[in-house]
Amino acid sequence: MTTLIVVLFLVAAWCLAFIGAPLFVWTVAVALLLAALGFASALGATALLVCSAAFGVLALLLNVLPLRRAVLSGWIFAIFKKVQPEMSSTEREVLESGDIWWEAEMFRGRPDWEKLLSFQYTRLTAEEQAFLDHECEALCKLCDDWQIEYEARDLPQAAWDYIREKKFFSMLIKKEYGGLGFSANAQSAVVTKLATKSITLAVTVMVPNSLGPGELLMHYGTDEQKKKWLPGLVDGSEIPCFGLTGPEVGSDATAMPDVGYVCHAEIDGKKTLGIRLTFSKRYITLAPVATVIGLAFKLRDPEGLLGDRSKLARDGDLGITCALLPATTPGVHIGRRHYPGAAFMNGTIHGRDVFVPIDAIIGGPAMAGKGWRMLTECLSAGRGISLPALATAAGQIGYRMTGVYARFRRQFKVSVGKFEGVQEATGRIAGYAYTLEATRVLTASAVDHCAPGVTTAIAKYHMTELMRKIINDGMDVLGGKGIQQGPRNFMATGYKATPVAITVEGANILTRNLMIYGQGAIRCHPYVFPEMEAARENDLVKFDKLLFGHLGFAINRAVRAFTLALSGARLARAPVTGEFAPYFQQLERMSAALAFTSDLTMGTLGGKLKFKERLSARLGDVLSQLYIASCVLKFYLEGSQSEAERVHARWALDHCLSEIGLAFDGFIRNFPVAWARGLLRVVVFPLGNRFRPVSDRLNARVADLLLEPSDVRERLSWLVFKNGGERDPIGRMEHAWRVGLSSEAAYVKYFRLANKGAIVGDTVAARLDDALRRGLLSAEEVAQARAYDAARYDVILTDDFSKEYLAGDFAAEAAAAIEAAGLLARVA
């Protein structure tokens, strides 16, 4: 009887822990256990009395709040305040910037799937769609990527004029100020489309719509500043740049040497309060052509000229401040251009003893010292638009164009896209492209609702890394087609410019190792940041409630993670049925494992975790892949759910789960505390890591689909600029694709005849003439085969140049190109 009671209690306790029962229910459960043991005479009278007394004391200590706070929580509170790691003001501003969104659900161990499934993508308005269909198309047609990157090292003047005329620089500025007032999703789509034509074009347009004067003015500017600057930013008469990075400062803003001192100066015979600035900035996009400069610097007011507020600051140091000044301000010097692998305007800005009035501070004097928070809040949203758009453009081009090439290019009489070695690369391109578009549309839509700091950091890091992988795989498949630069090459500029996306708006190494988990663990966890705030505010009542809620949370997530692992996640919830339900269940299981692992890690390492970058990066990878997998599931369910869509989604989800398994396995193997390492292994992977990379069979299926027309092909490349004509690198491939679909059957018939020796001739043209004479092919089939072969040959050609052209004599190339084209036609 005693054994049965104990077993029943343990089962009940496990169930209570699994569902997260409150402390009062646990208290009642233990009381019932003691009553049952007494009723069954399982304990002697003395033992029962001792156990009951001990239980009574513990129940009172835990459930009577004033007693608990005085005896237990107060003691823990004192220790917590001593061991809590110090946090600089810069760290706090980064931590508090932005909002938390869906990533918090994935971090907390029990995601509310209904929140994801009911979330509405931001749909493009009729105006936004028309802008994509007309203005973006027209702008792309004004640009020739090869001329921009190699010859002019700049956009054509017609493109600059059109950008200004059609307000491309003011997509984020609200309509009430004359801007386009586009959604984040629309801005993302515009940048993606432009990037499929020219990286330089896309960067030129995206920077004024990302972190810069326009956004800062919209969020923080005074009415006077908006009236002064926004009209010029809207009509393009003002071109903005923002100076943040300098020779001595990159990711660590506290190292910024640029400084401004509050002082008086005589301007036009009047004593004027202002700031005297000295600064040196580099890597500043649009600096060479900027007319208005946003500037970040450390502001000091040693004389207290700004009033009581400056006296509160140590040595008058108010902190990082943002100001706006004309590029023509005396003392400002726009330096020479950088060349970052693409031709977009990028350069240096310097200033010595530059005086600006105090109202140059964005937001006015009240915002003095609040610049870093302003920047991090804007970055938390901007990271989710611009760079993810560039990455998605690479995915869309990689998917569509590599598919064309792999279908047309033959080796050993077989399309290269059918070789298993090539399919390893093309399968990844397809899977990553699906992942990128899924992540782009959900993240950009999220930015339209809030400023999700952790989500956008995840998007920036992982999407630009996928961009790098897609381009590398594409270059491997294209071979010489990708290496030889020229007007036919649609991938070389992206290859050269990829490091820019990897480096800017938070370098990827920093973003992965410090930001994603460092900010996510504190902001997304339901208890950690509130506990830190309670300690900072010295609020014991608040801390006590949070502490016991946290303990219950940790126990629940540990039990859930272990139970779900043993059951293969079958006990987890799924909002759908069928083939994709197990993916939802596995994500919930891994979410619980992440929550438990985070609590154990922070509990054992404490403040040392801040310096364990490899460990925190791996947990950041888990959180990131949970978010990315959520994007894929949402994207699939919002799509056609066709067979092609199903295969792509499965590839992406299998890859996400494999990456989660690798990250957890690496984290556990390298955890420095032996007993915790063993516990983590038991709870997270009691049956071992069962997640495997994408199977060869599934990868081959996706790779095959890359070569064929499908709804997914169109969905994953809908923003590619396709109408550049047959002189455009993508236009050439599009022409070949259309010709191929209509005439490939005739060419394959010819190809088989030629391989069998049934027709003769030294050239394709001669063999086709022989096939027509012999009646083996009809006149229509011969015409189709000729068209196909011409398109095929054009696809595999690369560019060549005269020595005069390569020496910079661009005019001499025209005649040589015409002569070369005639020779090629005769050879073909």
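**Close-up views of a predicted model**

**View 1. Cys 136 is buried, with a relative accessible area of 0%.** The model shown here is predicted. The closest cysteine sulfur to that of Cys 136 belongs to Cys 140. The two sulfur atoms lie 6.5 Å apart, too far for a bond. A disulfide needs the sulfur atoms within 2.5 Å. By this rule, the count is zero disulfides.

**View 2. Cys 143 is in no disulfide.** Which cysteine has the sulfur nearest to that of Cys 143? Cys 140 does, at 6.9 Å. Cys 143 is buried, with a relative accessible area of 4%.

**View 3. Strand E1, residues 240–243, is covered on both faces.** Pro 240 and Phe 242 are buried on one side. Cys 241 and Gly 243 are buried on the other.

**View 4. Strand E1 pairs with strand E4, residues 292–300.** How many bridges join E1 to E4? There are four, and the strands run parallel.

**View 5. Helix H23, residues 528–536, is mostly covered.** Seven of its nine residues are buried. Val 528 and Phe 529 are among them. Two glutamates, Glu 531 and Glu 533, are buried as well.

**View 6. Asn 538 follows helix H23.** Is the phi of Asn 538 positive or negative? The phi is positive, near 55 degrees.

How values were computed
Residues numbered from 1 in each chain as written. Predicted model: local features only at pLDDT ≥ 70, side-chain atom pairs only at ≥ 80, totals over all residues. Heavy atoms only, no water. Buried < 20%, exposed > 50% of the residue type's maximum accessible area, 1.4 Å probe, protein only. Pairing = 2+ DSSP bridges.
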